[in-house]
Amino acid sequence: MKQNGPAGGEIFIVDDDPAVRDALSVVFSLEGYHVTGFAEGGAFLAAARSRTPVCILLDVHMPGRSGLEILKELNAQDYPAPIFIISGQGDIPMAVEAIKNGALDFIEKPFDAETIVQRVQEAVEAWSERMENEKPSDLLAMHFPGHDLLTPREREVLAQIAGGASNKEAGRQLGISPRTIEVHRARIMEKLGAKNAADLVRIVFSEKR
């Protein structure tokens with residue numbers, strides 16, 4: 001069931017800055033979501049283990065445990081909801097590291113209300129659609145050299161690339177930004193030893209069963 005719009009479900013906002021928590025709470029409450037804010041990682045982790053929101057917004061800089069440490073402790077790769085990292089422009093390498101550790105995407109500060117609501121709604125909708133359609137595509141079900149090195153999300157991205165989707169199209173299908181698709185593409189190429197997209201496709205289809 002899609003959880004979007006007026007019956008939007010719960011969003012967790014994890015940021016030690018009360019002004020940011022308050023601003024995001026107002027924005028998402030107006031869109032029909034129930035918002036719960038956390039000023040530090042411990043309380044957030046306890047809540048995230050007892051109930052599942054439709055989306056999490058997590059600041060990369062937190063007192064005590066950083067956003068990256070919180071992602072690892074949560075085992076974000078397997079968490080059943082999309083997680084956005086909030087980062088400043090100087091934090092892009094850290095945001096990329098967060099994606100490697102299970103974050104769905106990252107949102108750069110400063111952000112405007114319309115953009116952040118759209119990004120979250122697209123991610124929630126895409127996530128819900130993937131959960132509803134549990135049958136894996138032929139591409140996702142394939143076994144090829146290096147298959148086991150990829151995370152589930154990297155396999156999803158690879159299926160899009162091998163299916164001929166552009167970064168923009170793949171991002172739209174998966175509810176993430178084209179820039180984040182590029183991050184995953186680079187990781188996939190590194191893991192599989194591919195030189196370019198054509199090489200990736202050759203590897204994927206080399207041992208089709």
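Visitor: Why is Phe 44 called buried?

Guide: Phe 44 has a relative accessible area of 1%. Buried means under 20%, so Phe 44 is called buried. Keep in mind that this is a predicted model.

Visitor: And what makes Phe 38 buried?

Guide: The relative accessible area of Phe 38 is 9%. The cut-off is under 20%, so Phe 38 counts as buried too. Phe 12 is also buried. Across the chain, buried residues make up 49% of the 209 residues.

Visitor: How do you know that Phe 12 and Phe 44 form an aromatic pair, and why is it called edge-to-face?

Guide: Let us start with the general idea: a pair of aromatic rings is described by the distance of the centres and the angle of the planes. By the rule used here, the chain has 4 aromatic pairs. For Phe 12 and Phe 44, the centres are 6.1 Å apart and the angle between the planes is 85°. Centres within 6.5 Å make a pair, and planes over 60 degrees apart make it edge-to-face. Both conditions hold, so Phe 12 and Phe 44 form an edge-to-face pair.

Visitor: Which parts of the chain does that pair link?

Guide: The pair links distant parts of the chain: Phe 12 is in strand β1 and Phe 44 in helix α2, 32 residues apart.

Visitor: Why is the pair of Phe 38 and Phe 44 called edge-to-face?

Guide: Here the centres are 5.8 Å apart, with 65° between the planes. Together, Phe 12, Phe 38 and Phe 44 form one aromatic cluster.

Visitor: What makes β1 and β2 a pair of strands?

Guide: Strand β1, residues 10-14, is joined to β2 by 5 bridges, and the two run parallel. Pairing needs at least two bridges, so β1 and β2 pair. Within this pairing, Phe 12 stands opposite Thr 36 in β2.

Visitor: What order do the strands of the sheet follow?

Guide: The open sheet has 5 strands in the order β2-β1-β3-β4-β5, with parallel pairing.

Visitor: Why are β2 and β5 called edge strands?

Guide: β2 (34-38) and β5 (105-108) each pair on one side only. Helix α2, residues 41-50, lies across β1, β2 and β3, at about 160° to β1.

Definitions and conventions: Residues are numbered from 1 along each chain as its sequence is written. This is a predicted model: local features need pLDDT of at least 70, side-chain atom pairs count only at pLDDT 80 or more; totals for chains, interfaces and linings use all residues. Side-chain values use heavy atoms; hydrogens and water are left out. Helices (H or I, at least four residues) and strands (E, at least two) are DSSP runs, numbered from the N terminus. Contact means heavy atoms within 4.5 Å. Axes are lines fitted to C-alpha atoms, for helices over the stretch in contact, and angles run from 0 to 180 degrees between N-to-C directions. Rings of Phe, Tyr and Trp (its six-membered ring) pair if their centres lie within 6.5 Å; planes under 30 degrees apart count as stacked, over 60 as edge-to-face and the rest as tilted. Buried means under 20% relative accessible area, exposed over 50%, partly exposed in between (1.4 Å probe, protein chains only).
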